[in-house]
Structure formats: C-alpha cells, structure tokens
Amino acid sequence: MARVLIVDDDPAILEILHAYLSGEGHEVLQASNGHQARDLLPRADLAILDWMLPGVSGLDLAREARALGLELPLLMLTARGEEEDKLRGLDLGVDDYVVKPFSPREVVARVRALLRRAGVRHEIRSGELELDLRTRRATLAGQPLDLSKLEYDLLGTFAQHPGLVWTRERLLERVWGPDFPSTARVVDVHVTGLRRKLGDDADAPRFIETVRGVGYRFMEAREGGEGG
C-alpha cells in the first residue's frame, strides 16, 4: 500500500481515481486546488497532479516539490499532449504523463509502475517482524500485533524507510497531518507504546532506535533475524 495524493479540480475525476486506487489497496489523499495540495505533498508516496489547476498549477506544484527535496514520483494529468509541454514538465521533475481523456486503469498501471521503480513495497520483513501494507496486518514471530491506527501508521512509515532518521516534527506531519494541533511530545508517547508492543528495549533496540536530539530511525535487520 502507498499513500497516493490526487490533485484535481474536477470532482468526477477525484471520485473515479479514488475508487480505482483505493481498490488497489492504496490510501488516497485528495486536494481540489494547489494550496490544499501543498500541505499534503510531504505526506504522500506519489502524487497525481492536474496541470491546469486554478491558482497554483500542477507544474508549479512539481517545481515546488522538487525545490523542497521531495523525491516522490509525480504523475501529471493533462490535456496538453504536445511534446514541448511534456519536455517542460520532465525538466521540472515530472516522472510520467497521462493525457486527458484517460482510462482509470491506465492511471492505475502507471501508478503501479512508478511505485515499483521508486521501491515502494507492499510487504516488508525485518527479522521476525512482518508487515502487509495492503491489509494493514503486522506480525511479530508469527503472532499478530494489536496496533492502533496511529501505531501502525508509525510502524509503516519507519519500516518503509529503514535507516532514515525521522524528526518528531516530520513524523507529526506525515502520520498525524499538518493541521493536527499537537506537539512533538505526542510522537514520543506513541513510539513508546509501539516499542512496548514490539518488545523493543529503548536501550538495546531491535527495531526503533532513538537518535538523540533528532528523532527516530528504523533499524535494518541483521542476519539471523535480529534488528540492526
């Protein structure tokens, strides 16, 4: 499962793409204009952008995403099929194009290919820990883990990016959302609860390591099944 952001000012397009992509097991985020999309882009694994948006265009969003260092795949929906327009978008970091009118199944296939190239996985294994991102199931040593939605979202975020250091602020934005009225302390509370369910010792972690003064990171599994 990936978190896919759809940005389009046409409600019918939002509705049909939401139905097809959620049917693939993805979590779908939606925005009807570029201003809403700006807040959601850092939370997405892939974004589908309409070129001709009111105010902030899809091309503007692609430019801003790359300027911020966001490496998520970008798929542009556009009625502009001319080669010059496509080259302009590719120069700004757009990964693929679908020209309107389009087949929703083609969009799903393009999304699948982009996520595969980006290395987004549906099943993750780290030692005795296994996650199925499509069904949102997690097991440890073959036993199901009883995780809350936030705990699972945290674990999925960590496990999809082993070795990457996440600040508390970035985790708040990614898991809780940019408008969530809270402080970084809530991240510590939920990480502590997640560690407890994982049987993870903060002083000798197998899975989630504290990076002092910064945040947390998920540890690569060692040979023999232990975290690393």
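Residues are numbered from 1 along each chain as its sequence is written, and side-chain values use heavy atoms, with hydrogens and water left out. Because the model is predicted, local features need pLDDT of at least 70 and side-chain atom pairs count only at pLDDT 80 or more, while totals for chains, interfaces and linings use all residues.

**Whole chain**

Start with the cartoon view of the whole protein. It shows eight helices and twelve strands; these are DSSP runs numbered from the N terminus, with helices being H or I of at least four residues and strands being E of at least two. Of the 228 residues, 49% count as buried. Buried means under 20% relative accessible area, exposed means over 50%, and partly exposed lies in between, with a 1.4 Å probe and protein chains only. A contact is a pair with heavy atoms within 4.5 Å. Among contacts between residues at least 6 apart in sequence, 55% join residues at least 24 apart.

**Largest cavity**

Next, select M1, R3, E27, T157 and Q160. Of the 13 residues that line the largest cavity, these lie nearest its centre. A cavity is a set of points on a 1 Å grid, over the protein atoms alone, where a 1.4 Å probe fits but cannot get out, and lining residues have an atom within 4 Å of a point. Grid points are joined across faces, edges and corners, and a volume is the space filled by probe spheres set on the points. The count is one cavity of 30 Å³ or more, and the largest cavity holds about 110 Å³ of space.

Which helix gives the most to the lining of the largest cavity? Select residues 149-159: this is helix α6, and it supplies four lining residues. By class, the lining has four nonpolar, three polar and six charged residues. Here Ala, Val, Leu, Ile, Met, Phe, Trp, Tyr, Cys and Pro count as nonpolar, Asp, Glu, Lys and Arg as charged, and the others, Gly among them, as polar. Colour by domain, and the lining draws at least three residues from each of domain 1 (3-118) and domain 2 (123-218). Those bounds come from an automatic or database domain assignment.

L133 is placed in the loop between β7 and β8 (137-140), and at 1% relative accessibility it is buried. From C-alpha to C-alpha, L133 and E27 are 9.9 Å apart in space, yet 106 residues apart in sequence.

**Salt bridges**

Now show the charged side chains. Side chains of opposite charge can pair when their charged atoms come close. A salt bridge is counted when a side-chain nitrogen of Lys or Arg is within 4 Å of a carboxyl oxygen of Asp or Glu, and the count comes to 17.

Select E64 and R38, whose side chains meet in a salt bridge at 2.8 Å, N to O. E64 lies in helix α3 (residues 58-67) and R38 in helix α2 (residues 34-40), so the pair ties together parts that are 26 residues apart in sequence. Both residues are partly exposed, E64 at 27% and R38 at 36%.

Move to R206 and E128, where the closest N and O atoms of the salt bridge are 3.5 Å apart. This pair links distant parts of the chain, 78 residues apart: R206 is in the loop between α8 (185-198) and β11 (208-211), and E128 is in the loop between β6 (123-126) and β7 (129-132). E128 is partly exposed at 38% relative accessibility.

Then select D188 and R168, a salt bridge with closest N and O atoms 2.6 Å apart. D188 lies in helix α8 and R168 in helix α7 (residues 168-176), so the pair joins parts 20 residues apart in sequence. Are these two buried or exposed? D188 is buried at 15%, and R168 is buried at 18%.

Select A44, placed in the loop between α2 and β3 (46-50). A44 is buried at 7% relative accessibility. Leaving aside neighbours within four places in sequence, A44 is in contact with R3, L5, L72 and R174. A44 and A2 are 42 residues apart in sequence and 7.9 Å apart in space, C-alpha to C-alpha.

Finish at D96 in strand β5 (residues 96-99). D96 is buried, with a relative accessible area of 19%. With neighbours within four places again set aside, its contacts are L74, L75, M76, R110 and L114.

Key. On a 1 Å grid over the protein atoms alone, a cavity is a set of points where a 1.4 Å probe fits but cannot get out, and a pocket is an open set with protein on both sides within 12 Å along at least five of seven lines; lining residues have an atom within 4 Å of a point.
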